[in-house]
Amino acid sequence: MSQEFTLNDLKQFYPKYEEGMDLTQNIVQDIRKRSNALHNLLSGSKPLSRHRCLIDLDLSLIGFAETAEYLLKIGRTDSLEIFGWYLDFNDEYRETSKKMRGRIFYV
């Protein structure tokens, strides 16, 4: 039996980060946790990994997480340092949400 994956399920992968927030250890850990969860879901599901919008979102979230970790490591935690990466991820998330609206994907 197939498990359904809907727009509501996608929401769990959106990090607890908002525009203008400085990076902290907790924020970076949350971004990484959600990035790993999405990546693991897609890696373990052939049906989901066939949807290009989810792959693009996964790659964007990985880039966001890796950059956030690097910036925290070197002490550049000001919100402006991560702003562009956040905007890229946010745009991918919105685009994926639009493509999923009213549709059901199967895991």
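**Close-up 1. D30 and R34 sit four residues apart in helix 2.** Helix 2 covers residues 25-43. The spacing of D30 and R34 amounts to about one helical turn. This model is predicted. In it, D30 and R34 form a salt bridge. Their closest N and O atoms are 2.8 Å apart. D30 has a relative accessible area of 12% and is buried. R34 is also at 12% relative accessibility and counts as buried. Side chains of opposite charge can pair when their charged atoms come close. The structure holds six salt bridges, and the D30 and R34 contact is a salt bridge of this kind.

Close-up 2. R94 is partly exposed, at 46% relative accessible area. D91 is partly exposed too, at 39%.

**Close-up 3. K98 and E95 meet through their side chains in a salt bridge.** The N to O distance here is 3.6 Å. K98 and E95 belong to helix 5 and are three residues apart. That places about one helical turn between K98 and E95. Is K98 buried or exposed? K98 counts as exposed, with 52% relative accessibility. The cut-off for exposed is over 50%. E95 is partly exposed, with a relative accessible area of 34%.

**Close-up 4. F5 and F13 make a tilted ring pair.** The count of aromatic pairs comes to eight. In the pair of F5 and F13, the ring centres lie 6.4 Å apart. The ring planes stand at 35°, so the pair is tilted. Stacked pairs need planes under 30 degrees apart, and edge-to-face pairs need over 60. Both F5 and F13 are buried.

**Close-up 5. F64 and F89 stack.** Their rings are 5.8 Å apart, centre to centre. The angle between the planes is 10°. F64 and F89 are both buried.

**Close-up 6. Ring pairs build a cluster.** Its members are Y14, Y17, F64, Y86, F89 and Y93. The stacked pair of F64 and F89 belongs to this cluster.

Methods
Residues numbered from 1 in each chain as written. Predicted model: local features only at pLDDT ≥ 70, side-chain atom pairs only at ≥ 80, totals over all residues. Heavy atoms only, no water. Phe/Tyr/Trp six-rings, centres within 6.5 Å; stacked < 30°, edge-to-face > 60°. Buried < 20%, exposed > 50% of the residue type's maximum accessible area, 1.4 Å probe, protein only. Salt bridge = Lys/Arg side-chain N within 4 Å of Asp/Glu carboxyl O. Helix = DSSP H or I, 4+ residues; strand = E, 2+ residues; numbered from the N terminus.
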